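Hi everyone, thanks for coming. Let's take a friendly walk through one model together, starting with a single residue and ending with the contact between two chains.

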Amino acid sequence: MNAAFLVFFVVGTLAVASSILVISMRNPVHSALFLLLTFLCVAVLFVLKQAEFVAAVQVLVYAGGIMVLFLFVVMLINVRHLPDEKVLSRFWRGGLAVGAAVFILFATVVRTGVYHDASADTKKLATVKEKYLEPHPTDPNKLVRKTREVENRNSEAVGMALYQDYLVPFEVASIFLLVAMIGAIVIGKRELSAVEEEQVPDYMLERVETEKEVKESMSA
Amino acid sequence: MPDTDAYLMLSATLFSIGLIGVIIRRNMITVLMAIELMLNAVNINLVAFAHRFASLEGQVFVVFVITVAAGEAAVGLAIIIQLYRLKNTVNVDEGNTLNG
């Protein structure tokens with residue numbers, strides 16, 4: 001058993017265990033912290049598959065951004081004041097059954113391995129072979145993988161792919177983020193009723209002095 | 001190096017756990033966390049196949065999936081906050097106003 005497989009086994013077990021804890025904890029704060037652990041484990045798995053850039057994005061965006069958002073909302077909604085009620089919905093037996101059925105379905109697909117090299121449908125794989133495989137330098141009957149930049153300079157390769165081949169989807173993603181941000185602000189903001197506007201403290205309604213006005217008052 | 005099979009099985013396990021969490025939990029915040037778990041399982045699949053075929057497309061797609069996950073989390077949490085203001089609870093069962 002080599003070191004990479006040992007790391008995969010330990011980290012994978014940790015990821016599965018913490019993800020089970022995510023959905024079984026009563027307190028959402030504990031769930032969020034176990035979700036953080038799961039994200040970090042998945043980042044380690046990405047590094048094992050030589051996807052360093054994606055691992056870095058995973059840590060920054062998921063473990064950094066999304067987790068802070070989750071914890072912020074959990075703190076905003078005071079958990080202790082929620083009524084003490086059942087954790088599970090009334091569909092919990094059906095949910096477990098559906099989860100088990102989906103897992104069995106996936107396991108069956110993985111076991112048959114339609115993606116293996118010994119696939120019968122060679123025509124379908126021909127395009128893939130032309131793109132990613134090349135003849136062996138000495139033995140023309142054998143195929144080897146094309147050596148690409150993916151091994152040693154992953155971030156550079158992903159960046160080139162993002163800004164050359166996938167430029168339009170990249171820009172669409174930025175527009176999507178803008179729309180999501182505006183949507184979150186519009187949905188999340190609270191409409192003040194007339195009574196509440198009366199009760200707002202004065203300093204919140206006061207006009208903010210501009211820099212020019214401050215300078216004028218200073219010189220006067 | 002663990003092969004693609006091991007990664008696919010791990011990803012299937014995480015996806016099933018996330019699916020179970022989405023169905024059986026009543027707390028809406030936990031449901032959103034379970035959805036994030038499912039998206040992460042998909043990312044593991046994409047990275048495993050990107051390595052298997054020595055191609056970058058899978059890794060580029062993971063970046064887009066993470067983008068969508070971030071937007072979805074922001075909008076979902078805003079909806080949860082609004083539901084909490086309206087009903088004073090974050091239960092999934094309470095959000096049935098659109099039933100008519």
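Let's begin with Phe34(A), which is partly exposed, at a relative accessible area of 24%. On this scale, buried is under 20%, exposed is over 50%, and partly exposed lies in between, using a 1.4 Å probe and protein chains only. This is a predicted model, where local features need pLDDT of at least 70 and side-chain atom pairs count only at pLDDT 80 or more, while totals for chains, interfaces and linings use all residues. Residues are numbered from 1 along each chain as its sequence is written, chains are lettered from A and ligands numbered from 1 in the order written, and side-chain values use heavy atoms, leaving out hydrogens and water.

Phe34(A) sits in helix α2 of chain A; helices here are DSSP runs of H or I with at least four residues, numbered from the N terminus. What does Phe34(A) touch, leaving aside residues up to four places away in sequence? Its partners are Ser18(A), Leu21(A), Val22(A) and Met25(A), where contact means heavy atoms within 4.5 Å. Ser18(A) is 16 residues from Phe34(A) in sequence, yet their C-alpha atoms are 5.5 Å apart.

Now, the two chains. Chain A brings 85 residues to the contact and chain B brings 72. How many salt bridges are there between chain A and chain B? The count is zero, a salt bridge being a side-chain nitrogen of Lys or Arg within 4 Å of a carboxyl oxygen of Asp or Glu. On the side of chain A that touches chain B, α3(A) gives the most, with twelve residues.

Definitions and conventions. Helices (H or I, at least four residues) and strands (E, at least two) are DSSP runs, numbered from the N terminus.
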